[in-house]
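Here is a short briefing to read alongside the sequence and the 3D view. Please keep both open as you go.

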Amino acid sequence: MKVLSLSAEGYRNLASVSLCPDEGVNVICGDNAQGKTNLIEAIWNFTGAKSFRPSKERDFVKKGERVATLSLSFSAQGREQSAKLRYGERREILLNGVGKTSPAELAGSFCCVVFSPAHLSIVKEGPSVRRRFLDGAICQVRPRYIHVLYQYKKALSQKNAVLKELYKNGSAYDLLDVFDDSIATWGAQVWRTRVRYLNKLGQNACSIYGGLSSSREELTVGYKSFLSLSPDTPLPQVQVAYREALRAARTDDTGAGFSTLGVHRDDFSLQIDGLDAKVYGSQGQQRSAALALKLAEGYLLKEVSGETPVMLLDDVMSELDQGRQSYVLNHLEGAQVFITCCDAAHFEGLLSGRVFRMERGALSPA
């Protein structure tokens, strides 16, 4: 999978941008706040996923402009394809000239893996961040998972509304069984999909982390859930176990006024040499752990789709020692890579690829 060309008009702080990248490594260098991350984000938006930065679509439109337009030409599935995104008063989404109603409909057509400083939150922050990362990664591999998540969240919201209503209307209690059945049906699918995916992701991430640390350190990844079942447990049995757990938590739920148990509260652990990476990891170790997860995500995308995803690495080199930097640069064979940095000296030994400079939103060859 390759980006053939990208154009941007009225997007964030970018000037009119027309990019024809190299098939291999593309370095975008420049000072802070010049637009490097905005360019990376513009490419990412074509995956159909939400931005990797906290933002809303209205933030995409440059101040003083009414519309922002992004156009992408890319190769995937053995042919050249195109996509267009238009933000502003009216959103427009086109894939190969066909209109789409939601960005989620682009999922699976153009695949990227992005790493940015914001992804350090996978290690540093709470369970909700890790769940969001895990669900987002799965959605690229299995677009139908978007529907499963939606149905689960819908059933959970309905149950929580009933739990709140119990304070006013005790007769609503009978509805809990109905929503627990729905939550168990969809939640079991979420649980099994996550566990199976994380097992594979963890194996790849541990191997990559070993390379980053020159085998001096070991990363372990494990799913943390209220269900203690094998990933190979048949789905009907998972649903039964899920439903029984919900029944057992009924008193806690009614007392709290919300659902206290379920996959919406699950987590996964990251340990370095047996110690919690969040608590005991150094800045470099935490960055390496997050990077290992993101690179492992790329390997799994390739395994499922048969194509190497585009790699977007935003400020990846900072806080990595020379050995870890070298590992990153030398283990992205076959992938088209976009790397942002402030100091182009990191890439003086680059044998092939292109280097661009970003200044005040304008992109030019370095």
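This is a predicted model: local features need pLDDT of at least 70, side-chain atom pairs count only at pLDDT 80 or more; totals for chains, interfaces and linings use all residues.

Residues are numbered from 1 along each chain as its sequence is written, and side-chain values use heavy atoms, with hydrogens and water left out.

**Salt bridges**

- The structure holds 17 salt bridges, each being a side-chain nitrogen of Lys or Arg within 4 Å of a carboxyl oxygen of Asp or Glu.
- Lys159 pairs with Asp253 in one of these, with the closest N and O atoms 3.0 Å apart. Helices here are DSSP runs of H or I with at least four residues, strands are runs of E with at least two, and both are numbered from the N terminus.
- Lys159 is buried at a relative accessible area of 0%, and Asp253 is buried at 0% as well. Buried means under 20% relative accessible area, exposed over 50%, and partly exposed in between (1.4 Å probe, protein chains only).
- Arg247 and Asp180 meet through their side chains at 3.5 Å, N to O. They bring together helix α6 (residues 235-248), with Arg247, and helix α5 (residues 175-212), with Asp180, 67 residues apart. Arg247 is partly exposed at 33%, whereas Asp180 is buried at 0%.
- Glu303 forms a salt bridge with Lys200, the closest N and O atoms being 3.9 Å apart. Glu303 sits in helix α9 (residues 283-305) and Lys200 in helix α5, 103 residues apart. Glu303 is exposed at 53%, and Lys200 is partly exposed at 44%.
- Shared partners join Lys159, Asp177, Asp180, Asp181, Arg243, Arg247, Arg250 and Asp253 into one salt-bridge network.

**Aromatic pairs**

- Rings of Phe, Tyr and Trp (its six-membered ring) pair if their centres lie within 6.5 Å; planes under 30 degrees apart count as stacked, over 60 as edge-to-face and the rest as tilted. By this rule there are 6 aromatic pairs.
- Tyr11 and Phe60 have ring centres 5.4 Å apart and planes at 35°, so this pair is tilted. Tyr11 lies in the loop between β1 (2-9) and β2 (17-19), and Phe60 in the loop between α1 (36-44) and β4 (67-76), so the pair ties together parts 49 residues apart in sequence. Both Tyr11 and Phe60 are buried.
- Ring pairs link Tyr11, Phe60 and Tyr87 into a cluster.

**Two buried side chains**

- Gln81, in strand β5 (residues 79-88), is buried at 5%. The side chain of Gln81 makes a polar contact with that of Asn96 at 2.9 Å; such a contact is a pair of N or O atoms within 3.5 Å, where within protein one must be able to donate a hydrogen and the other to accept it, and residues adjacent in sequence count only if both atoms are side-chain atoms.
- Val141 lies in helix α3 and is buried at 14%. Val141 and Ser305 are 164 residues apart in sequence, yet 7.5 Å apart in space, C-alpha to C-alpha.

**Surface patch**

- Which residues form a nonpolar patch on the surface? They are Leu275, Val279 and Tyr280, with about 340 Å² of accessible area together. Areas come from the Shrake-Rupley method with a 1.4 Å probe, and for residues only the protein chains shown count as cover.
- Patches are made of residues with over 30% relative accessible area and no salt bridge, with like charges joined within 9 Å and nonpolar side chains (Val, Leu, Ile, Met, Phe, Trp, Tyr) within 5 Å.
- Tyr280, in helix α8 (residues 277-280), is exposed at 57%.
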